[in-house]
Amino acid sequence: MDRLSVDAKIENLYQITDYVEEKLETIGVSQEHITSICIAIEEVYVNIASYAYKDEAGKVDLEIDTEDSSIKIRFIDGGTPYNPLEKDDPDINLPADEREQGGLGIFMIKQIMDTVEYEYKDSQNILTLTKHF
């Protein structure tokens, strides 16, 4: 398992995506899958950097575990407890101006990844994204 720790700041997004891209290329993942996984990673990371710590500084740990033909990407932060999976999926059949605000990002992540799991453990948010190839 590989691990990267960064300050939860928007400007560190490219450090996260570059790190993940390098790991995915190393195990031979197609560019199409790399692009879609990086979209999911960007959505998760930007939400953590924007909302997890309010006005204080914090860290985001990223763990990557490759096993057989799958990858698990785990985001760990010590910010405000928040389970993004508790929110109902948006009704994408409604026009945008009739939908409730929010929830589209996590919906998109669930479409890209095979599984998305959340747990709050030891005062940390842990969001795990899994993709099978």
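Modeller: A crossing is left-handed if the near helix is turned anticlockwise from the far one by less than a right angle, and right-handed if clockwise. This is a predicted model: local features need pLDDT of at least 70, side-chain atom pairs count only at pLDDT 80 or more, and totals for chains, interfaces and linings use all residues. Residues are numbered from 1 along each chain as its sequence is written, and side-chain values use heavy atoms, without hydrogens and water.

Biologist: Which hand does the crossing of H1 and H2 have?

Modeller: The crossing of H1 and H2 is right-handed. H1 covers residues 13-26 and H2 covers residues 31-52. Helices (H or I, at least four residues) and strands (E, at least two) are DSSP runs, numbered from the N terminus.

Biologist: Why are H1 and H2 called roughly antiparallel?

Modeller: Look at the angle. H1 and H2 pack at about 150 degrees, with axes 10 Å apart. The axes are lines fitted to C-alpha atoms, for helices over the stretch in contact, and angles run from 0 to 180 degrees between N-to-C directions. Under 35 degrees is roughly parallel, over 145 roughly antiparallel, 65 to 115 roughly perpendicular, and the rest oblique. H1 and H2 therefore count as roughly antiparallel.

Biologist: Which residues make the contact?

Modeller: Contact means heavy atoms within 4.5 Å. From H1 come Leu-13, Ile-16, Thr-17, Val-20, Glu-21, Leu-24 and Glu-25. From H2 come Gln-31, Ile-34, Ile-37, Cys-38, Ile-41, Glu-42, Tyr-45 and Val-46. By class, this contact has 10 nonpolar, two polar and three charged residues. (Nonpolar takes in Ala, Val, Leu, Ile, Met, Phe, Trp, Tyr, Cys and Pro; charged means Asp, Glu, Lys and Arg; the others, Gly among them, are polar.)

Biologist: Why is Thr-17 called buried?

Modeller: Buried means under 20% relative accessible area, exposed over 50%, and partly exposed in between (1.4 Å probe, protein chains only). Thr-17 has 8%, so Thr-17 is buried. Thr-17 is in helix H1. Beyond residues up to four places away in sequence, Thr-17 touches Cys-38 and Ile-41.

Biologist: What makes Lys-54 count as exposed?

Modeller: The relative accessibility of Lys-54 is 65%, so Lys-54 is exposed. Lys-54 sits in the loop between H2 and E2. The backbone stands out too: Lys-54 has a positive phi of about 55 degrees although it is not a glycine. Ser-123, also not a glycine, has a positive phi of about 60 degrees. Ser-123 is in the loop between E4 and E5.

Biologist: And Tyr-82: why exposed?

Modeller: At 51% relative accessibility, Tyr-82 counts as exposed. Tyr-82 is in the loop between E3 and H3. Not counting residues up to four places away, Tyr-82 touches Tyr-118 and Asn-125. Its C-alpha is 8.1 Å from that of Ala-52, 30 residues away in sequence.

Biologist: Why does Glu-43 count as partly exposed?

Modeller: Glu-43 has 24% relative accessibility, so Glu-43 falls in the middle class. The place of Glu-43 is in helix H2. Its contacts, with neighbours within four places left aside, are Gly-105, Met-108 and Ile-109. Gly-105 is 62 residues away in sequence, yet 6.3 Å away in space, C-alpha to C-alpha.

Biologist: What puts Asp-114 in the partly exposed class?

Modeller: Its relative accessible area is 40%, so Asp-114 is partly exposed. Asp-114 is in the loop between H3 and E4. Outside four places in sequence, Asp-114 contacts Thr-130, Lys-131 and His-132.

Biologist: How many residues does the largest nonpolar core have?

Modeller: That core has 34 residues, and Ile-73, Phe-75 and Leu-129 have the most contacts inside it. A nonpolar core is a set of buried Ala, Val, Leu, Ile, Met, Phe, Trp, Tyr and Cys residues joined through side-chain atoms within 4.5 Å. H2 gives the most to this core, with 10 residues. Leu-129 is in contact with residues including Ala-40, Val-44, Ile-73, Phe-75 and Ile-109.

Biologist: How many helices and strands does the protein chain have?

Modeller: Three helices and five strands. From the N terminus on, they run β-α-α-β-β-α-β-β. Of the 133 residues, 43% count as buried. Among contacts between residues at least 6 apart in sequence, 62% join residues at least 24 apart.
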